[in-house]
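Here is a short briefing on one protein model. Please keep the sequence and the 3D view open while reading.

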Amino acid sequence: MNQPTGHMAIGAGTTTFVTGAAGFIGTELVKLLVARGHTVLGLTRSLEAAERVRRAGAMAVLGDLREPGQWQDEAPADWVFHLPPHPLNGSRVTRRRAAYITRDRVLMDAHLLDAVSTGATRRIVYVADPSCYGPTGLRAITEDDPLRPSASGRCLAPALDRLDGYVAAGLPIVTAFPGWVYGSASWFRERVIEPVMAGRRVLLFGKHGPLVSPIHIEDCARALVHLAEHGEAGGRYFVANNDPIRLHEFATTFARRANRPLRVRRVPASTTRLLVGPVLADYLQTDAVLSNIRLRGIGFRFRYPTLDQGIEQILGTL
């Protein structure tokens with residue numbers, strides 16, 4: 001298969017297959033694609049999630065990425081967005097569970113990418129996690145920096161390594177690495193919005209929190225579509241705002257913009273490991289500062305370039 005290059009306009013009549021369509025990023029992406037005139041097929045595992053996909057405007061496809069099935073017949077669409085579930089969502093992550101995460105991610109990728117490899121798919125946007133690059137320190141890294149996975153990134157690095165083989169075989173894959181995605185749902189609602197608005201304590205891990213690169217959910221979805229249109233096949237792109245923040249600033253900025261007092265419960269680093277396990281603790285305590293020069297270099301412009309602007313938008317939806 002020849003790899004498409006250059007500008008690829010997405011427009012009405014395009015069929016698009018989205019995995020993780022009922023998730024935080026997936027739902028926003030589906031709404032955006034539907035608004036642009038796409039026929040969107042959203043893969044989901046449950047009837048409840050399928051209803052959320054339909055409400056977003058897509059046709060729900062029932063199936064499990066971990067198992068081959070009839071869903072694979074729908075996968076070879078014009079465009080494919082692969083948003084596998086974030087492996088560190090949910091319960092405490094032990095090293096044994098991390099091994100299962102590694103196995104499942106490789107399996108999910110294989111079932112999808114093998115299914116589309118024989119079709120006429122023109123672009124695949126694969127959403128990966130920047131933890132594969134490991135701790136960045138205070139300096140922003142670029143996509144060309146070597147991979148030095150942290151404990152959380154080691155769950156995902158084998159799948160990312162295998163992705164290179166699919167690219168070499170000719171699949172038109174563009175890999176996106178979103179920073180800390182925030183919006184009015186998911187972790188930000190549960191961990192920041194609800195406790196601040198209800199006057200409850202917000203859990204803050206460590207003394208100051210690591211430096212991280214945020215990205216508003218709307219900008220994240222827009223960037224993924226932009227990468228499908230303008231990203232180079234085989235290329236990697238960080239999806240994040242210009243300026244990093246301390247992880248604790250999500251809560252302090254929201255409380256300030258909402259004009260609410262911020263009550264906190266600080267969790268020491270040692271307790272964090274006991275509370276959420278060593279893998280997730282590593283994720284919550286590791287600097288992840290990402291350069292977006294490559295993304296901006298292909299013409300992407302942010303709607304919410306700062307945390308203050310993004311939170312102002314969120315407050316307007318509450």
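Predicted model: local features only at pLDDT ≥ 70, side-chain atom pairs only at ≥ 80, totals over all residues.

A search of the whole structure finds 13 aromatic pairs and one cavity of 30 Å³ or more. Helix α10 is largely enclosed by the rest of the structure, because seven of its eight residues are buried.

**Cavity**

- The largest cavity has a volume of about 130 Å³.
- Its lining is made up of 14 residues, and Asp-129, Ser-131, Tyr-283, Thr-286 and Ala-288 are the closest to the centre.
- Sorted by class, six lining residues are nonpolar, six are polar and two are charged.

**Aromatic pairs and cluster**

- Among the 13 aromatic pairs found in the whole structure is that of Tyr-182 and Phe-250, which is tilted.
- The ring centres of Tyr-182 and Phe-250 are 5.6 Å apart, with 55 degrees between the planes.
- Tyr-182 belongs to strand β7 (residues 180-182) and Phe-250 to helix α8 (residues 249-258), so this pair ties together parts 68 residues apart in sequence.
- Both Tyr-182 and Phe-250 are buried.
- Phe-250 also pairs with Phe-188: the centres are 6.0 Å apart and the planes stand at 75 degrees, so the pair is edge-to-face. The cut-off for that class is over 60 degrees.
- Phe-188 sits in helix α6 (residues 186-198) and Phe-250 in helix α8, so the second pair ties together parts 62 residues apart in sequence.
- Phe-188 has a relative accessible area of 0% and is buried.
- Phe-250 has 1% relative accessibility and counts as buried, because the limit is under 20%.
- One aromatic cluster is formed by Trp-180, Tyr-182, Trp-187, Phe-188, Phe-250 and Phe-254.

**Helix α10**

- Helix α10 spans residues 278-285.
- Its buried residues are Pro-278, Val-279, Leu-280, Ala-281, Asp-282, Tyr-283 and Leu-284.
- Tyr-283, buried in α10, is also one of the lining residues closest to the centre of the largest cavity.

**Glu-143**

- Where is Glu-143 placed? Glu-143 is in the loop between β5 (123-127) and α5 (157-168).
- Glu-143 has a relative accessible area of 6%, so Glu-143 is buried under the 20% limit.
- The Glu-143 side chain reaches the backbone nitrogen of Phe-238 at 2.7 Å.
- Leaving aside neighbours within four places in sequence, Glu-143 is in contact with Tyr-133, Arg-236, Tyr-237, Phe-238, Ser-291 and Arg-294.

**Positive phi angles**

- Which positive phi does Ser-186 have? The angle is about 60 degrees, although Ser-186 is not a glycine.
- Ser-186 is found in helix α6, the helix that also holds Phe-188.
- Ser-186 has 38% relative accessibility and counts as partly exposed, because that value lies between the 20% and 50% limits.
- Asn-259 is not a glycine either, and has a positive phi of about 55 degrees.
- Asn-259 is found in the loop between α8 and β13 (263-267).
- Is Asn-259 buried or exposed? At 70% relative accessibility, Asn-259 counts as exposed, because the limit is over 50%.

Methods. Residues numbered from 1 in each chain as written. Heavy atoms only, no water. 1 Å grid on protein atoms, 1.4 Å probe; cavity = no way out; pocket = protein on both sides within 12 Å on 5 of 7 lines; lining within 4 Å. Points joined across faces, edges and corners; volume = space filled by probe spheres on them. Nonpolar A, V, L, I, M, F, W, Y, C, P; charged D, E, K, R; others polar. Phe/Tyr/Trp six-rings, centres within 6.5 Å; stacked < 30°, edge-to-face > 60°. Helix = DSSP H or I, 4+ residues; strand = E, 2+ residues; numbered from the N terminus. Buried < 20%, exposed > 50% of the residue type's maximum accessible area, 1.4 Å probe, protein only. Polar contact = N/O pair within 3.5 Å; in protein donor to acceptor, adjacent residues only side chain to side chain. Contact = heavy atoms within 4.5 Å.
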